[in-house]
Amino acid sequence: MTAAAAGTKVPGGRAVQVARRLEDEILARGRPVGAVLGSETELRERFGVSRSVLREAIRLLEHHQLARMRRGPGGGLCVAAPDLGPVSRALVVYLEFVGASAEDLMRARLLLEPLSVRLAAAATTGQDRDRLRQALAVERERWAEWDLRMDDDLHVILARSSGNAVLGLLIEVLLRLTARHARAAQGIPGEDAGAEKEGAHQRNLRIAEAVFTGDADAAETAMTEHLAETARWLREHQVRRPAGERLPGPASLGGTGRKLAELLADRIHDDIAAGGWMVGSVFGSETELLGCYGVSRSVLREAVRLLEHHSVARMRRGAGGGLVVQAPDPAASIHTTALYLDRQGIGPADWREVRDAVEGGCVQVVAVDAVDAGETMGRLRTAVGHGEAFHRELAEATGNPVLAVFLRIVTELGARQAACGESEGDRLVHQRILQAVGCGDEGLARNLMRRHLRAIADR
Ligand SMILES: [Zn+2]
């Protein structure tokens, strides 16, 4: 990048910096919910920014539900209570945009969900059990409409029952993304949908039963079978929307204000992704988008700010301008997610369990494909002496964007605790892992990686 380019004002750049500093301050103070960080005037003076920059920073904090503006006497920017929603949505937006396929998603689910039920079987509380029973009862009560397309609630509860917040969040992201694929799925002429449904319900019962009785092995097996069936179902029922198609507007969007803007951002992003719009192309001018989605200018602009924050699209002013499709950048989502998880009080064990599952999966995938991947192997060989970069390359080499992003989250999260280094010891271990991968020996590669991660965690 040239000095001139580096000095160019990035839209929202200053606001993002202010938001980050406020985020760090909130977390450093232990997230005192309700505490006032300052009035608008005080904050403007402190950061030396204009009203519009400060307001944009506040909108970002509100979007992440870290803080919100309280009006009136004694008001100001207050620390807000945590909510999972926006954090996982940021990841969902990114993964949807880079085109994570149903197969990519199911592979990640197969790595994480059996682990989550294994942990749940050991840790489930009475309250979790009540929630699980309720979710199973709902499947029966709403039998006419229930099917694999709605098979989420039970999995969310199971993931949360694992007691591992990293696992809980990542699985929730996977479920939201799979649900989009499932909802778009089509029936197959002549198929017995009733039998499919009964099968899915029975498998859910088996998983829950194993968790209730604390049988970790049975829970893991039942979940693995269930996911294999779901993967098959998605494969057989998937449909592709023709490229270039945009859903007809105006959209019948529910909600008001900021909520409506979020829905609109989701919808625009869906249309960009589903329509196969190329990076750099103009999705539509502001006037066209107002007409197409039938919303007010202020709602559209708010939605555009969210899209800009996630690097999904950017509004270009002037002649030939409009909403320009961008190359998505996961950095903001990864940072936000790691921050969110960090303040959930993640222990070294939680972190290691997830990293082990994700990276174990990565080496397996790469080992299986290693035979015809000379270029990939070359890149990996170059990264052998570069600590965490080797692990990132390995995740990238899977070609699965879900695994690549999840590994980056776990690495950023663990960076403060333990990280792989550039020592001779680490380089040698990487070399051995790579040798096993190159021979297609996934079992050995998996074992070496597991031992390596344990050694890192023990530092
Ligand atoms: Zn390493």
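What percentage of the 459 residues of the chain count as buried? The share is 40%, where a buried residue has 20 or more other C-beta atoms within 10 Å of its own, an exposed one 12 or fewer, and a partly exposed one a count in between, with C-beta atoms placed from the backbone. The model is predicted: local features need pLDDT of at least 70 and side-chain atom pairs count only at pLDDT 80 or more, while totals for chains, interfaces and linings use all residues. Residue numbers start from 1 along each chain as its sequence is written.

**Figure 1. Overview of the chain.** The chain has 21 helices and 6 strands; helices (H or I, at least four residues) and strands (E, at least two) are DSSP runs, numbered from the N terminus. Two residues are in contact if their C-beta atoms, placed from the backbone, lie within 7 Å. Of the contacts between residues at least 6 apart in sequence, 76% join residues at least 24 apart.

**Figure 2. The nonpolar cores.** A nonpolar core is a set of buried Ala, Val, Leu, Ile, Met, Phe, Trp, Tyr and Cys residues joined through C-beta atoms within 7 Å. The largest one has 104 residues, and L170, V211, A303 and F406 are those with the most contacts inside it. Leaving out residues up to four places away in sequence, V211 touches V117, A120, A121, T124, L132, L158 and A219.

Figure 3. Strand β1 (residues 36-38) is joined to strand β3 (residues 76-79) by 2 bridges, and the two run antiparallel. Strand β2 (residues 67-70) pairs with β3 in the antiparallel sense over 4 bridges, and A67 has V79 in β3 as its bridge partner.

Figure 4. β5 pairs with strand β6 (residues 322-325) in the antiparallel sense over 4 bridges. The bridge partner of A313 in β6 is V325, and that of R316 is G322. β5 and β6 form a hairpin with 5 residues between them, and G318 in the turn has a positive phi of about 85 degrees.

**Figure 5. Packing of helices α10 and α11.** Two packed helices are described by the angle between their axes and the distance between the axes. Axes are lines fitted to C-alpha atoms, for helices over the stretch in contact, and angles run from 0 to 180 degrees between N-to-C directions. The axes of α10 (residues 193-212) and α11 (residues 216-237) come within 8 Å and cross at roughly 155 degrees. α10 is therefore roughly antiparallel to α11; angles under 35 degrees count as roughly parallel, over 145 as roughly antiparallel, 65 to 115 as roughly perpendicular and the rest as oblique. The crossing is left-handed, a term for a near helix turned anticlockwise from the far one by less than a right angle, with right-handed for clockwise. The contact includes R203, I207 and V211 of α10 and A219, M223 and W233 of α11. V211 is also among the residues with the most contacts inside the largest core.

Figure 6. V363, V366 and A367 in α16 meet I433, A436 and V437 in α20. Q431 also lies in α20 (residues 424-438). With 14 other C-beta atoms within 10 Å, Q431 is partly exposed. The C-alpha atoms of Q431 and L380 are separated by 9.3 Å, and the two residues are 51 residues apart along the chain.

Definitions and conventions: Pairing = 2+ DSSP bridges.
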